[in-house]
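Subject: Structure for you to look at

Hello,

The structure we talked about is below.

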Amino acid sequence: MPNIKSAKKRVRSNGRKEKVNTIVTSSMRTAIKKFEKDVKAGNKEEASKSLNTAYQRVDKAMKNGLVHKNKAARVKSRLTKLKNEMK
């Protein structure tokens with residue numbers, strides 16, 4: 001346990017940031033999984049909506065520094081490829 005006042009404050013602020021980061025990362029993964037489920041089910045309309053949501057969540061995670069920009073681009077590319085291959 002930290003003794004210095006500023007170190008105690010960092011522990012508190014890091015705890016708050018960790019919660020937010022966990023929520024953003026988790027929602028990104030959930031949106032990706034929902035899109036993949038819609039593609040597998042063959043719902044074109046639902047897949048389009050969930051693709052937009054997944055894009056937004058990936059971009060937000062990238063903006064917050066939780067995901068590297070190259071990983072974000074790779075994920076978005078992979079999702080777009082899945083959507084284009086739908087019949």
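Of the 87 residues in the protein, 23% are buried (under 20% relative accessible area; exposed is over 50% and partly exposed lies in between, with a 1.4 Å probe and protein chains only). This is a predicted model, in which local features need pLDDT of at least 70 and side-chain atom pairs count only at pLDDT 80 or more, while totals for chains, interfaces and linings use all residues. Residues are numbered from 1 along each chain as its sequence is written, and side-chain values use heavy atoms, leaving out hydrogens and water.

The protein has 3 helices and 0 strands (DSSP runs: H or I of at least four residues for helices, E of at least two for strands, numbered from the N terminus). Its C-alpha trace spans about 60 × 20 × 15 Å along the principal axes.

There are 3 salt bridges (a side-chain nitrogen of Lys or Arg within 4 Å of a carboxyl oxygen of Asp or Glu):

- Asp38 pairs with Lys34 at 3.3 Å, N to O. They are 4 residues apart in helix α1, about one helical turn. Asp38 is buried at 6% relative accessibility, whereas Lys34 is partly exposed at 39%.
- Glu36 pairs with Arg78 at 2.8 Å, N to O. Glu36 is in helix α1 and Arg78 in helix α3 (residues 69-84), so this pair ties together parts 42 residues apart in sequence.
- Asp59 pairs with Lys76 at 2.9 Å, N to O. Asp59 is in helix α2 (residues 44-63) and Lys76 in helix α3, so the parts tied together are 17 residues apart in sequence.

Regards
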